Amino acid sequence: MQRNTIYKLHLWLSVPLGVLITLICLSGAILVFKSEIRSALGMPAVASPHTTIQAPATHGKHAPTRQRDFFSHVTRFHTSLFLGPVGRTIVTYTTVAFVVILLSGIYICWPRDARQWRQRLTIATGKGRRRLFYDLHVSLGFYVIIWLTLLALTGTAFGLHLLPKGSEAIKVFHEIHVGKWGGIVTKVITCAVSLVGASLPLTGYWLYFKKHRRNLP
């Protein structure tokens, strides 16, 4: 397919789904450290409806509870937008579209020579607002593309129920999706990548409306 066709696909998916992508990525970033925050604040873990809750822990530790807390609501939003099965379907196929958006964006902006590679990997801060927003959209996208695509693909696997129930693959995919597989370092990276993912539609919107509405400031 020609570059122009790929650009149109990127645009037609990004404009209607950008807000949802931002919210999904942002809620995902919040959830990365939910266990650590609960522990630091003395909050009990929240058990799933199918989990058997053990007797209260001793030595001042909290046993799991079924009472929902802030992170429970963020999880519901992240997975279903509070809309139940319909919301889960929306989130799943928005995530599928996000993979297409990411890959098409890389294709469109792939550098052709060494000079363009330097541009793609640099965020210019003194060349005007449009160049800054372009670099925040494109250059940041280049830095996070592999990690962000991996997060989207693992999320898609859960949404489409591609993993056998009770399999080791579910644990592996979950650890990748929340950044748990490499300890605190990969969690920090996952949170940062998710925040960048949340920003990409916003900078994309700015560039789109700046291009199509000359009266914007």
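**Close-up views of a predicted model**

**View 1. Helix α1 passes helix α3 in a left-handed crossing, where left-handed means that the near helix is turned anticlockwise from the far one by less than a right angle.** The axes of α1 (residues 3-31) and α3 (residues 70-80) cross at roughly 145° and come within 9 Å; axes are lines fitted to C-alpha atoms over the stretch in contact, with angles from 0 to 180 degrees between N-to-C directions. Helices are DSSP runs (H or I, at least four residues) numbered from the N terminus. Contact (heavy atoms within 4.5 Å) involves, among others, Leu23, Ile24 and Ser27 of α1 and Phe70, Phe71 and Val74 of α3.

The model is predicted, with local features needing pLDDT of at least 70 and side-chain atom pairs pLDDT 80 or more, whereas totals for chains, interfaces and linings use all residues. Residues are numbered from 1 along each chain as its sequence is written, and side-chain values use heavy atoms, leaving out hydrogens and water.

**View 2. Glutamine 116 lies in helix α5, residues 114-120.** Glutamine 116 counts as buried because its relative accessibility is 16%, the term meaning under 20% relative accessible area with a 1.4 Å probe and protein chains only. Leaving aside residues up to four places away in sequence, glutamine 116 touches Trp110 and Pro111.

**View 3. Helix α4 supplies nine residues to the lining of the largest pocket, the largest share.** A pocket is an open set of points on a 1 Å grid over the protein atoms alone, where a 1.4 Å probe fits, with protein on both sides within 12 Å along at least five of seven lines, and lining residues have an atom within 4 Å of a point. Of the 46 lining residues, His78, Thr79, Phe158, His174 and His177 are the closest to the centre of this pocket.

Terms used: Helix = DSSP H or I, 4+ residues; strand = E, 2+ residues; numbered from the N terminus. Buried < 20%, exposed > 50% of the residue type's maximum accessible area, 1.4 Å probe, protein only.
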